[in-house]
Amino acid sequence: MARDYDIVDIEKKWQERWRESGLYEVSNDDPRERFYALNMYPYPSGSAHQGHVRNYTFGDLVVRYQSMKGKAVLSPFGFDSFGLPAENAAIKAGSHPRIFTDQRMAELKESVQRLGAVYDWRREVFSHDPAYMRWSQEIFLTFLENGLAYRAQAPVNWCPSCATVLANEQVVGDGVCDRCGTAVVKKDLEQWFFRITKYADELLESVDDLEWPERVKTMQRNWIGRSEGVEFDLPFVGHDLALRVFTTRPDTGFGVTYAVMAPEHPLLATVTTDEHRAAVTDLVARARAATDMERTASSDSGDNLSKRGAFTGAYVTNPFTNQPVPVYVADYVLGSYGTGAIMAVPAEDERDHAFALVHGLPIIRTIETPDGHEGPYNGDGVHINSGFLDGLDVAEAKKKAADFLAQSANGIEKVNFRLRDWLVSRQRFWGCPIPVIYCAGCGIVPVPREQLPIVAPDDVKMDQTGQSPLATHEPFWRTTCPTCGGEARRETDTMDTFTDSSWYFLRFADPFTEGKAFDPEVVAKWMPVDQYIGGIEHAILHLLYARFYMKALIDTGLATGIEREPFRRLFTQGMIRMDGAKMSKSKGNLVTPGQYYATVGADGLRLFHLFVGPPADDVDWTSQTDEVIDGCGRFLHRLYRLAHGEGVILRETEAEGDLAMRRQIHKTIAKVTDGLDRWTYNTSVAALMELLNAVSKYAREGDGARRDIFDEAIDTMLLLLAPMSPHLTSEMWEERHGEGQFVHAQSWPVADPELLVDEDVVMVIQVAGKVRARATVATTISEDEAIAIALAQPEVQALLNGATPSRVVARAPKLVNIVP
RNA sequence: GCCCGGAUGGCGGAAUGGCAGACGCGGAGGACUCAAAAUCCUUUGCCUGAGAGGGCGUGUGGGUUCGAGUCCCACUCCGGGCACCA
C-alpha cells in the first residue's frame, strides 16, 4: 500500500502556518473587491459542540472560497461575553463572572482554531472589554441625546419571594422565577427604553428587499405586526369624557354591543360607578397579580373568561346607532396596545363572541354569513343591519365607516404595531452599565464622555435579594453630579446584552481607530455584511435589534455613507438533533467534536457537515452518523492514495477517454462552484466524490491516464476541496507544488465552457411518455434528424405497429416523445 | 386558530417540466488474508419472472401538459414560528 498520512500532524502543522502567515488578516485599504463574511457573535459557552462545528465550517468555507475568488475577505471573530449564564455560574461558585467568561472564551477560541477556521484575530472584540464597553455606552448616550433612549415607568417581572426584579430570560416555564419557582408578578418600575417603534414602518418595509430565508422574513413581519384601522371616540353617557378605541373593522360598527377597557386604562376609576367599584377593583388587582401565562392563556373556557371581566356600570354611546352600550373591564384587552380600549363586536370577533356569551351580551350580525356558518364570522360578505352600510362588502364599508367616524366621532385612520419599544434595563451585574447619573436637582444627567467607560467594580455581591447587584455597592453608585457637583446616584442597571450584539459587526470593520466607536469611512468600506451565518434562534430579536441600531446609528450621525440594512444576505443553519431533541449542553446529549479529530480529522468532520444534507436542514445525529463520518474520512484517504499514484498507470500518449475525462473535470468545477454559490454544499461534495470515482477508474484501468490530465484532475480536486477540508488539501498542494505554496492562495478554478458541452449525448426515446429506447446522437442534431432516429428504433416500430403517430415532440438532442 | 416550511429506497439525501433514486451510509456476494481488520471489485427501489423482460413507484385525491417528484386545486400528516395585538 502506498504511504498514508497522519491527519493529526498535518492539521497541527497547517493551523500553525495559518496563524504565522497572517493569510487571513485583511487591511482596511485592501484594493480588491471586498467581502464581509460573518458568523453570529457567539456566547462563550466553552468548547465547541457540533452546532458550532457546523456553523464555523460553513463560515470558514465562505471565507476561503471568496478569498480564492480574489476578494478581500473580512473574517473577524469575537464574543458576546456578557450574560446571565456566567453570572449564575459565578453566584453558584462564589466566583466572578469574568473568570468563567475568560476561560470559556479561551476554550471556544481554541475549538474554532482546532477546526481549522481562520480569522483576522487582530480584530477580535468581546463585549466585556472596557475598550468595547466604552463605545457601547457612548452609543447609549448618543441615543439619549437624540431622543431614541428614554426612561419610563414599565411593568417588570417581579419575584415576590426573592424580592427582586427578573430579566425576561429569568422567567421560565409557566411564568415562574427560575431561582425559587415562585410565580412572577408585574411591578411598575422606571426603566430605560430604546425607541425602536420609531422605525417600525421602515423595519417592516425593508424586510422585503433582504436576501434572507423567507421564514425569517415572515417572523420579522409577524413580530412587527402592522395593522391599519381607525381610532375614534365613544362618548361616555353622563360624563364629559370619551372612550377612545382602535379598530381594524370600523365597518362592523353597527354590531357594537359593548365596549371594553383594559385593567390598566387611566379612565377606569373615573367612570366606574360606586355600585360596581368593588368588582372592578377586584378584577384589576387579580389582573395585575396574574402571571403573563394566566393572562394570555388561550383556554377559552367560559369559566375562565367570566372571571376575567366585570361591568363598570358605565355606558358609552355607539356613534353608529346612537344607542348606549355597556362598558366592561377585561384583561383580554391590553393596556399597551392601541388605545387600551376596544369596541366589541361579538358577531364578527371570536374573543368578543366568547366574552359576550359568558356575560349574556347581545350579538348582532352585521355581515351576511355563508350558508350553515355558525359562531363569529370574520370573512367577507354583504353588510346587513348596518344602516348606511347595508349592501356593501367589507372593503367598501370600511372606507365609508371611516369617513363617517372622521366626521362624527373624531375618527382618524391609524396604523398600529405589535412591536413595542425595547426595554433595555436589566437588574443584573454581568452587563454593560448604563452611563447615566441621577441628581436631585438636575434630574437625569449623562455621564460625560471623557469619564467612559463606566466599569463595574469587582467586589460586588451578586447573590442579593434586592434590585440590581450594583445598587448594593455604595462606592459605585455614590457619586457627584457632573452638572452641579451635588450629591448624586449612578444608574445601577445594566444594558440588555442584545445591545452588545447590535453593533459589534461595525467594530469588527474598524477595531483600530482610537477615539471613536469606529471610523464611518472604514465601516462604509466593509458594510454591509455580505454573508451573515447563524442559528434560526436569532431570527427575531437579535436581527431586529441590529437592524434598528444600524438605522439609529446612521440617523444620529455615528455612521455615514452606508446602507441602512446591516446584513445583505443571511443564512440560517439547521439544528443538530438527537433523539428528536436539540443537541445542547443543557440537555446533556452532546457529541463532542474532539473524538473525531484523531480518526478523520477536522477535515473529515467538516466534510461530513457539508455532505450530510442541505445546510439549512436539521441534522439528526443517529447510530449511522459515525459511519457517514467515516465515509467522509475514507474519501479523503482515497484521494490521497490516488494522488500518490497507488495503482495508477501514467502515459504520455493520447487515448480514448482522455477528452471525456477532461469534460468531467470541468463539469465538476461548474457543479461544485454552483453548489457553493447556492448553498447546496452536499451536492458539491457529491460531485467531488463522483469525480474521484471517475478519475480512479480512468487512471487505474485499461491504458491508464495521460499524465497532464491526471495532474489536472488531482489539482482541480484539491482546489475545489480546499475550502471544505483545508488541511489535507494544503499539505497535498505543497507536496505537489513545492514548499511555500498555499492552495488557498490559488485562484478558484474556472470551467472551460467548451468542455462543458458534450459531443455525443444519449437521447431518450419515449412512446407515450415511457422510455422505450435510447440512442447516442450528436449534441448538434436537428429536431428532424432526432425524430427520424427515434422512429427508426425497432422498439418504437413494434409499439406503433405500423400506425402513424398522432404527435411527435422533439427536444433535440435530449429526448423524443412519440404519441401513438 | 393564523403564518412559514416539509413529506422521494432500509437510512441521509439528488433531480431548469424531459431516463426518479446522483453521492454517501447500510445490506448481500466476491477478491486479498491462516484469520480478522483495512482495502478493492460486483450488486442493491418494490412486485413478478429461471431469464430476457414486464408491471408498479416520489404522503392522499383531482387537474394542467406530449410528458409532473417538480406547476395548479383540495386534503392528510410532520416540523417550526406567532397567538387574546382589537
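These points cover salt bridges and the RNA-facing surface in a predicted model.

1. Salt bridges overall. The structure contains 57 salt bridges. Side chains of opposite charge can pair when their charged atoms come close.

2. Lys109 and Glu124. These two residues form a salt bridge whose closest N and O atoms are 2.9 Å apart. Lys109 sits in helix H4 (residues 97-114), while Glu124 belongs to the loop between H4 and strand E4 (125-126). The two are 15 residues apart, and the pair links distant parts of the chain. Lys109 is partly exposed, at 24% relative accessible area. Glu124 is also partly exposed, with a relative accessibility of 24%.

3. Arg449 and Glu138. Here the closest N and O atoms of the salt bridge are 3.1 Å apart. Arg449 lies in the loop between strand E20 (443-446) and helix H14 (474-477), and Glu138 lies in helix H5 (residues 130-145), so the bridge ties together parts that are 311 residues apart in sequence. Glu138 has a relative accessibility of 15%; because buried means under 20%, Glu138 counts as buried. Arg449, with a relative accessible area of 26%, is partly exposed.

4. Arg151 and Glu190. Their side chains meet in a salt bridge at 3.2 Å, N to O. Because Arg151 is in strand E5 (residues 149-159) and Glu190 in strand E9 (residues 185-194), the pair ties together parts that are 39 residues apart in sequence. Arg151 is partly exposed at 24% relative accessible area, and Glu190 is partly exposed at 39% relative accessibility.

5. A network. Salt bridges also link Glu202, Arg547, Lys551, Asp555, Arg564 and Glu565 in a network.

6. Surroundings of RNA strand B. Of the atoms of RNA strand B that come within 4 Å of the protein, 62% belong to sugar and phosphate.

7. Make-up of that surface. By class, the residues near RNA strand B are 18 nonpolar, 12 polar and 16 charged. Helix H22 (residues 681-700) supplies the largest share, six residues.

8. Individual contacts to RNA strand B. At Val612, a polar backbone atom is 2.6 Å from a sugar or linking oxygen of RNA strand B. Asn817 places a polar side-chain atom 2.6 Å from a base oxygen of RNA strand B.

Technical notes. Residues numbered from 1 in each chain as written. Chains lettered and ligands numbered in written order. Predicted model: local features only at pLDDT ≥ 70, side-chain atom pairs only at ≥ 80, totals over all residues. Heavy atoms only, no water. Salt bridge = Lys/Arg side-chain N within 4 Å of Asp/Glu carboxyl O. Helix = DSSP H or I, 4+ residues; strand = E, 2+ residues; numbered from the N terminus. Buried < 20%, exposed > 50% of the residue type's maximum accessible area, 1.4 Å probe, protein only. Near = heavy atom within 4 Å. Polar contact = N/O pair within 3.5 Å; in protein donor to acceptor, adjacent residues only side chain to side chain. Nonpolar A, V, L, I, M, F, W, Y, C, P; charged D, E, K, R; others polar.
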